[in-house]
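Visitor: I have not looked at this structure before, and I would like to learn how to read it step by step. Could we begin with the picture itself?

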Amino acid sequence: MVRRKREPTSFSERMRNEKGKRSEKRTTVLVDKRKRKSRVLQEIKHLRKTTHFLIPKMPFARVVREIFLEIFPRQDIRRIQATALEALQEATEMYIVQFFEDSVLLALHAKRVTLMRNDMILMRRLRGRDDIINR
């Protein structure tokens with residue numbers, strides 16, 4: 001839907017109008033609500049074309065180290081190969097993106113545009129006990 005908005009008038013035009021003279025026909029500017037969404041859609045298209053990671057590497061590496069220390073407390077694992085870390089990050093990001101895509105489908109099925117917590121909870125439940133996030 002298109003809204004119409006008046007053009008801003010200059011100070012001199014306002015002074016003329018106050019003195020009793022009427023200005024010529026005022027023009028209107030069209031403001032499109034779709035312009036707000038176009039920025040988001042452009043960003044989505046850009047991210048689909050790129051192949052770089054969405055999660056920064058160093059914070060992800062720290063989380064992986066914490067998880068290793070939590071799972072294997074007695075083994076002294078301090079170093080991880082870069083290729084192994086990249087493979088973990090690739091698999092993690094792919095899983096997260098697929099999870100959010102499926103959750104968005106649930107939100108759209110409920111005739112909503114906003115993704116809610118309940119959609120993600122239902123997505124976990126639908127994926128079942130064998131899913132990695134439910135173990």
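Predicted model: local features only at pLDDT ≥ 70, side-chain atom pairs only at ≥ 80, totals over all residues.

Visitor: At what angle do the axes of helix H3 and H4 cross?

Guide: The general idea is that an angle of 65 to 115 degrees between two axes counts as roughly perpendicular. The axes of helix H3, residues 57–71, and H4 cross at roughly 95° and come within 11 Å, which makes H3 roughly perpendicular to H4. On the H3 side the contact is made by Lys-57, Phe-60, Ala-61 and Val-64, and on the H4 side by Leu-85, Glu-86, Leu-88, Gln-89 and Thr-92. Sorted by class, the contact of H3 with H4 has five nonpolar, two polar and two charged residues.

Visitor: And how do helix H4 and helix H5 pack?

Guide: Helix H4, residues 82–109, packs against helix H5, residues 117–127, at an angle of about 110°, and their axes are 9 Å apart. The angle therefore makes H4 roughly perpendicular to H5. The crossing of H4 and H5 is right-handed. Where they meet, H4 brings Tyr-95, Gln-98, Phe-99, Phe-100, Asp-102, Ser-103, Leu-106 and Ala-107, while H5 brings Asp-119, Met-120, Leu-122, Met-123, Arg-124, Leu-126 and Arg-127. The residues of this contact of H4 with H5 divide into nine nonpolar, two polar and four charged.

Visitor: What is there to notice about Lys-111, in the loop between H4 and H5?

Guide: Lys-111 has a positive phi of about 60° although it is not a glycine. Its place is in the loop between H4 and H5, and at 78% relative accessibility Lys-111 counts as exposed.

Visitor: How many aromatic pairs does the count come to?

Guide: The general idea is that two rings pair if their centres lie within 6.5 Å, and that planes under 30 degrees apart count as stacked. By this rule the count comes to three aromatic pairs. The rings of Phe-68 and Phe-72 have centres 6.3 Å apart and planes at 25°, so this pair is stacked. Phe-68 is partly exposed, with a relative accessible area of 26%, and Phe-72, at 33% relative accessibility, also counts as partly exposed. The rings of Tyr-95 and Phe-99 likewise have their centres 6.3 Å apart, with planes at 20°, so that pair is stacked.

Visitor: Where do Tyr-95 and Phe-99 lie, and is Phe-99 buried or exposed?

Guide: Both Tyr-95 and Phe-99 lie in helix H4, four residues apart, about one turn of the helix. Phe-99 counts as buried, because its relative accessibility is 8% and buried means under 20%. Ring pairs also link Tyr-95, Phe-99 and Phe-100 into a cluster.

Visitor: Which residues is Tyr-95 in contact with, if its neighbours within four places in sequence are left aside?

Guide: Tyr-95 is then in contact with Arg-127, Asp-131, Ile-132 and Ile-133. The C-alpha atoms of Tyr-95 and Ile-133 are separated by 9.7 Å, and the two residues are 38 residues apart along the chain.

Definitions and conventions: Residues numbered from 1 in each chain as written. Heavy atoms only, no water. Axes fitted to C-alpha atoms, helices over the stretch in contact; angles between N-to-C directions. Helix = DSSP H or I, 4+ residues; strand = E, 2+ residues; numbered from the N terminus. Parallel < 35°, antiparallel > 145°, perpendicular 65-115°, else oblique. Left-handed = near helix turned anticlockwise from the far one by under 90°. Contact = heavy atoms within 4.5 Å. Nonpolar A, V, L, I, M, F, W, Y, C, P; charged D, E, K, R; others polar. Phe/Tyr/Trp six-rings, centres within 6.5 Å; stacked < 30°, edge-to-face > 60°. Buried < 20%, exposed > 50% of the residue type's maximum accessible area, 1.4 Å probe, protein only.
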